[in-house]
Amino acid sequence: MNSSEEQSTFPTTLQAAGYTVLYAITILVALTGNILLIFIIKRKPETRSLTGFLFVNMAVADLLVTLVAMPVSVAWLYTGGKWLPGILGQATCTPVYFSYYVTLAASILSLAFMSVDRFLAVVFPLRRFPTFRRAKVLTVVIWLSSMIFSIPIAVVWRAIDFGPWGTYCTPVFKNLGELGMPLFYTYLFLIMYLIPLLVISSLYALVGHALWRRHVPGQLSTGTEKRNEKTTRKVVRMLVVITAVFAFCWLPTQCYHFVLAFYPDVHNNISPVVMFLCFWSGHANSAVNPWLYMMLSQKFRKALCDVVHRRDSRYGSRAQSTKMYTTMTETKSVRRQHANHEQANLIVDKETTV
């Protein structure tokens, strides 16, 4: 590792300052959105659906990305990738990158389970699937599976002391054999991107087909069925948009890893600007996710307005009940007055007749 190689992979001072501002905005938006999402689901009972709890999983994963991965990326701008020396570096290198990929796996698995939930709800509307729809069970499954899928990261990432050039936290691909680098990035692409997205896309295609068959032109349906189908379509549309944004944000990172693994000559000619923008794009998804969910979900939009205006849904329900009671009382009073008036008119008519 010489100075020319270091300069070719390190941005200028102006670029570093620009990326720092970009990451600062991203971190602020991500922290605000994800904490607000968790707060709303905890505070507002009407938002506590299975989809809501799965979004809590994504919010926790996004918070870990915000608090772990983003600061590491900002530090990389100023240190050139140098890590903490000594025992502290050895103790932090593997856990940091392991947790980073665990959060990525947890996000994509949460989206996958959302698609499974919508598929079961639409294709098998009369079956409950109580075991699958236990939020606590799914949470354990998602995070445990994410840790298992991320074991290769724990095997590869190590803090290496390069003597006078310092300590670097870097992947040691020889731990995976001769085809270590291509094998590693192919595994990440398949397990944490392509296969889950194919499963999600297939399930939503089946959901769309089922909804289309259920809504045959000319077929009569009740008002309740129409409302339920309309709500289902909105939820599916929201989840498809969020999944598409996830795929779009993480595509540049996956493409960069592909070039790094299979076309090293091309990678050596790539500007550092491209590399940092690719990784920022994936990190930015952690800032976009919560706001997308809160804007696309009608329940969350209402809950967000209640939080902003400091309205409690429980008090809102009481106020609504009080208003309904007052309206009913006033209606009864008007009816009673009308009946008394008619009775008085009848008495007057009888006296006039006599």
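**A buried serine and its surroundings**

With a relative accessibility of 0%, Ser110 counts as buried (buried means under 20% relative accessible area, exposed over 50% and partly exposed in between, using a 1.4 Å probe and protein chains only). The model here is predicted, so to speak of local features a pLDDT of at least 70 is needed, side-chain atom pairs count only at pLDDT 80 or more, and totals for chains, interfaces and linings use all residues. Residues are numbered from 1 along each chain as its sequence is written, and side-chain values use heavy atoms, with hydrogens and water left out.

Ser110 sits in helix 4 (residues 86-123); helices here are DSSP runs of H or I with at least four residues, strands are runs of E with at least two, and both are numbered from the N terminus. A polar atom of the Ser110 side chain lies 2.8 Å from the backbone oxygen of Ala106. Setting aside neighbours within four places in sequence, Ser110 touches Leu54, Asn57, Met58 and Ile142, where contact means heavy atoms within 4.5 Å.

Now for a pair of helices. Packed helices are described by the angle between their axes and the distance between those axes. Helix 2 (residues 13-43) and helix 11 (residues 298-308) pack at about 95 degrees, and their axes are 10 Å apart. Axes are lines fitted to C-alpha atoms, for helices over the stretch in contact, and angles run from 0 to 180 degrees between N-to-C directions. The two helices, helix 2 and helix 11, are therefore roughly perpendicular (65 to 115 degrees; under 35 is roughly parallel, over 145 roughly antiparallel and the rest oblique). Helix 2 brings Leu36, Leu37, Phe39, Ile40 and Ile41 to the contact, and helix 11 brings Phe300, Ala303, Leu304 and Val307.

The strands come next. Strand 1 (residues 157-161) pairs with strand 2 (residues 167-171) in the antiparallel sense over 5 bridges; strands pair if DSSP finds at least two bridges between them. Ile160 stands opposite Tyr168 of strand 2. The two strands, strand 1 and strand 2, form a hairpin with 5 residues between them, and Gly163 in the turn has a positive phi of about 70 degrees.

Zooming out, the protein chain has 12 helices and 2 strands. Of its 354 residues, 38% count as buried.

Key
Polar contact = N/O pair within 3.5 Å; in protein donor to acceptor, adjacent residues only side chain to side chain.
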